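Hi,

Here is the model I promised to pass on. Have a look at it first, and my notes come after.

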Amino acid sequence: MSRLEIVTPDRAQIVMEGLYKDLERRIESSPPGICPVDMSRAFLELCHAQTCGKCVPCRIGLGQLKNLINDVLDGKATIETLGLIRDTARSIMDSADCAIGYEAANMVYKGVIGFRDDYLEHIMYNRCLMSLKLPVPCVSLCPARVDIPGYIALVREERYADAVRLIRKDNPLPTTCGFICEHPCEAKCRRNMIDDSVNIRGLKRAAADFAGKVPPPPCSEETGKRVAIVGGGPGGLSAAYYLRLMGHDVTIYEMLPKLGGMLRYGIPNYRLPKERLDEDIEAILATGVKVQYGTVIGKNCSVSELREQHDAVLISIGASTDKKLGLEGEDAKGVISAVQFLRDVGHGRCECLEGQEVAVIGGGNVSMDAVRTAVRLGARKVSIVYRRRVADMTALEEEIQGAVAEGVEVKTLMAPSKIEVSEDGYVKGIWVTPQMISRIQNGRASVMPTGEEDIFIPCETLVVAIGQDILYEHFEENGVPVQRGKIKTEKYGGFDDIPGVFAGGDCATGPSTVISAIAAGKVIAANIDEYLGFHHEITCDVEIPEPRLDDRPPCGRVNMTEREAGERVNDFEGVENCMSEAEAYQESGRCLRCDHFGFGVFKGGRDTKW
Amino acid sequence: MVTLTIDQMKVTVPEGTTIMEAAASIHIDIPKLCYLKGINEISACRVCVVEMEGKDKLITSCNNVVEEGMVIYTNSPKVRLNRRKTVSMLLSQHDGQCITCSRSMNCSLQKIANDFNILDNPFKKEFVHREWDKTFPLIRDANKCIKCMRCIQICDKVQGLNVWDVSGTGARTTVDVSRNRDIRVADCSLCGQCITHCPVGALRERDDTSMLFSALEDENKIVVAQIAPAVRAAWAEQLGLSREEAPVEKIVTAFRRMGIDYVFDTTFSADLTIMEEGSEFVKRLQDGDLEEYPMFTSCCPGWVRFIKTQYPDMIGRLSTAKSPQQMFGAVMKTYFAKKLGVDPERIFTLSIMPCLAKKAEREMDLFYEEYAGHDIDCVLTTRELDRMLRAEHLNPQFLEEGEFDSPFEVGTGAGVIFGATGGVMEAALRSAYFLVTGENPDADAFHEIRGVKRQGWTEAEFDVAGNVIHVAVVSGLGNTGKLMEAIRRKEVKYEFVEVMACPGGCAGGGGQPIHDGQELAEERGSSLYFLDRNTDIRFSHDNPDIQNLYEEFFEKPLSHRAHQLLHTEHQV
């Protein structure tokens, strides 16, 4: 006789686990704009199905809450109903025995407070405030609104050059973005509902890699208008490209010896090989954009003078200086900001860190760039020092993993408290206060000191990567509005009081993504063109293939592979491998063509020009 | 060319042809509900699904194009099952009170459900609660709406007004006035194109026939009817008569038999409009008022509603002449009442119009001597006319042709073509030419502005006694918006512009009989031009009844009294 038995999940349980996963992915790709009251109702039904049935508030109360919300949605509720929903939810929160009940009620309660207006609209007018915002999720989420289903379909047909042409209609840096775009487009990809999002960035990289050199389209007739662009980063380059295509005479004023801004001087070569960045820049310059290198606006020439000499000026200076820790000893030798550190490397002024211990403070992407660069400069030991947990880091997960694979130590729950400096003024290390993770406030876990003694982390180089700032002083002095350290523009990228001057990119938004800067460049190019009295349209004559009608069975996503960690740490060459043509063919076939199927065919449209 | 197999038949069609069109070319009519060519190809209703060999999921035939070697089945077991299920689902949320529906026997859903022999529905009926102001000329019934989205698309793509939109999300998604507005403040032009493109009875006109029946009941009322030009081109379409068998004079007889006291032709007041508007045009031209912006025609109330909300700064460019409908009412309640020796209050003016906006235009005030009221008391659309004839069991087949009453018996060919795009302009030019030169031009001298233009507008220039006049004719409010922008940006310059809100003009009006999937404006318009060609008098100023009216009452166009009764200050 057996006393115990080994529990194995039965078939139904296995299927259910699969369905939970399906639901998780579905929620992940849930489009914004869904009625929150209706979603509350749907969540509540799910929660109610989870009840064990023991306790009254959960077993009955959740069902009654659902009935009340249904009344709201059916236009049968009054303002009293809303009070009853709130009170019932509170009551269940206070009286249910376990989290299944009280957290379910809490979700409803949060909604009654958080989207009260939506409840009221249903109650008072039997109408909904919401409407679906993402007919084609990827396109809607791309700040530059690149025609993603279009170029993926072109990749599928191996028309790579056409894909590049189509991307350039909205984004003149396809190669760059193929390497380092943060791909917000993938976040709510509907393919998630089947298996996993399409590797959109990877396909862009494939298009760029397989297309070869693609010349830019011809420019419109010369308008004779002169436009100055301050700063040749992604925003400035994008604006320059489109303004030049529109026929304007464009000059970029770049303080550094080469174009690209943070793409060249911030992002390390191993992530974006500079010769690949140059492919994009060459195509932009091939349109006839002029560049004046080494000119610092505010030093060699004022922005007011620039405005006098041109018909319009775009300020796209980025966020090119660093934030300070505010600790004593920060000016010691060996303490360097990440911006400066990476810029030096970008200049080719590689300081050798052979045999050194290096600590990098911060948990963002720049921090990852700094540690991985330090590894390549020969450091003996490189550590990330971060006050929260890995899960709280803002860096992309693959960047963190890349760093760890390259041997970087991750010291979490350590808050810097003091920099130790030697008598001759060199950094010796950093004292950190051990932290423990604590309550979640405003959606983010806070930390509190554990009360243990500070720990000393020795280092010969300390890189501070806690954020970037904008060098706005000169512009502020010249009348450009500044608020909270950022240039404050109107929504069209200009200033009501300073006609002809525009600003965009990181300097107007604060440090953000490359694609946001590109989008700002595109928007402002259109608005400068209008300001100059024109209405040029940017188009692309590439014909988009009809969608394929075959079934879309589940299929794994092609992820990018990387060079072996042990090998890649020895050089600054690109880390990521492009997918093969066969992989690109399969991956592009995973696209569901939301421009044709679903809501997209109704409300999606295709911006063939702007 | 692409060759494919549909239902075991080989067919070769040009690349880019949809599966539905390819099937139609071999006489396979795949059933459909939401599809509207060029306007609504969104595959929402899923009724047109077909099976493609080698593929598990069904595909829609309306918006997917043929591929070489494709094998399609339009009636496979899978298609049959799913198509039926889909229609049953639609029926579960459709308030199928066909017996009391204005679209009964002319409803695409009813036809499909009948054709599929759906006698039982396994699904539970689900209705929603939505209120609608039934005093508004346009009425929507949420429980009949099948969310085909055609109304949204017509209003967006053809009329450019975006009155309708998807409302709500999830299972409660429906169609409603966009941006949660009330229909009364949604800038609706009341063109009625959403109604004529609705496949079911979710959208309809407010039925005003009871107003007429009350007036007929009232012994004190003298009921005076007018019949608009475009009505004659369409009224019998759904009564089983061809156009040749359905002269407008049959309606005259029907009306007499119903007890209507006087029956006149709006063509007559169209001539009156031309006298006023044509004279106004010549005067504004000579006064140098048309050097920057043109004068716009004002007889289409959909257009007038449109300009008031969309281009209020341009209102002053409208002709001040009232529309033929309103002029008719004004003449009836003044001159005609006097002639009969009765109080204007006793006159009940009825209009039969191809139009919904006329129901709102009717509310325009008229003040004359002691009379304070409206020019027009009741407006019925062509569809209401048809329903009324059926209710009165007047068989149009056997109605004799009656004669319009005196003293406004005669309408000219110029008045008849008011019902087609370009017609008002042409009629006005015929008379303006006479006003300037003192002689009639060839009646067909201005023919180049005829014809329906789906995209853009028609422009022409004419030499009138050495003056070159630039004119434009546009129909459809989307096109009109584009024209207005071009005028504002000074890309184009005209002295005279005719606008009609409905594509093709009143012939394609929102009050005309509905034929799902067919655009009949052009065909109906040509029958109006046919009538014009075969009329003795083709110039408004040659109409003897008009000449008499001026002699006896108005003295001359633009006289003080004409201004008082036949013109209006357009207000926002």
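First, the ground rules. This is a predicted model, so local features need pLDDT of at least 70 and side-chain atom pairs count only at pLDDT 80 or more, while totals for chains, interfaces and linings use all residues. Residues are numbered from 1 along each chain as its sequence is written, and chains are lettered from A and ligands numbered from 1 in the order in which they are written.

Chain A is split into domain 1 (27-125), domain 2 (137-212 + 541-604), domain 3 (226-320 + 470-531) and domain 4 (324-467); bounds like these come from an automatic or database domain assignment. Between the C-alpha centres of domain 1 and domain 4 of chain A there are 45 Å.

Now the chain interface. 20 residues of chain A are in contact with 22 residues of chain B (contact: C-beta atoms, placed from the backbone, within 7 Å). The chain A side consists of 10 nonpolar, 4 polar and 6 charged residues. Here Ala, Val, Leu, Ile, Met, Phe, Trp, Tyr, Cys and Pro count as nonpolar, Asp, Glu, Lys and Arg as charged, and the others, Gly among them, as polar.

Chain B is assigned domain 1 (2-92), domain 2 (100-107 + 123-205) and domain 3 (210-566). The C-alpha centres of domains 2 and 3 of chain B lie 28 Å apart, and 18 residues of domain 2 of chain B touch 27 residues of domain 3 of chain B. On the domain 2 side, α4 (150-158) and α5 (193-196) of chain B are the elements that give two or more residues; α5(B) gives the most, with 3 residues. Helices (H or I, at least four residues) and strands (E, at least two) are DSSP runs, numbered from the N terminus. That domain 2 side divides into 8 nonpolar, 7 polar and 3 charged residues.

A UniProt annotation from an unreviewed entry, "domain: 4Fe-4S His(Cys)3-ligated-type", covers residues 78-117 of chain B. UniProt positions are given in the numbering used here, feature names are shortened, and annotations may be inferred rather than shown by experiment. The span is 57% helix and 0% strand, with its end C-alpha atoms 17 Å apart.

One helix pair to look at: α8 (266-286) and α10 (324-340) of chain B have axes that come within 8 Å and cross at roughly 100°. Axes are lines fitted to C-alpha atoms, for helices over the stretch in contact, and angles run from 0 to 180 degrees between N-to-C directions. α8(B) and α10(B) are therefore roughly perpendicular (65 to 115 degrees). Among the residues making the contact are L272(B) of α8(B) and F328(B) of α10(B), and the contact divides into 6 nonpolar, 4 polar and no charged residues.

Helix α12 (382-391) of chain B has T382(B), R383(B), E384(B), L385(B), D386(B) and L389(B) buried (20 or more other C-beta atoms within 10 Å of a residue's own; exposed is 12 or fewer, partly exposed in between; C-beta atoms are placed from the backbone). These buried residues pack against elements of chain B including α7 (249-258) and β13 (347-353). Just after α12(B), H393(B) has a positive phi of about 40°.

Finally, a cis peptide bond joins S406(B) and P407(B), with omega about 15°. P407(B) sits in the loop between α12 and α13 (413-416) of chain B.

Cheers

Note on methods. Contact = placed C-beta atoms within 7 Å. Parallel < 35°, antiparallel > 145°, perpendicular 65-115°, else oblique.
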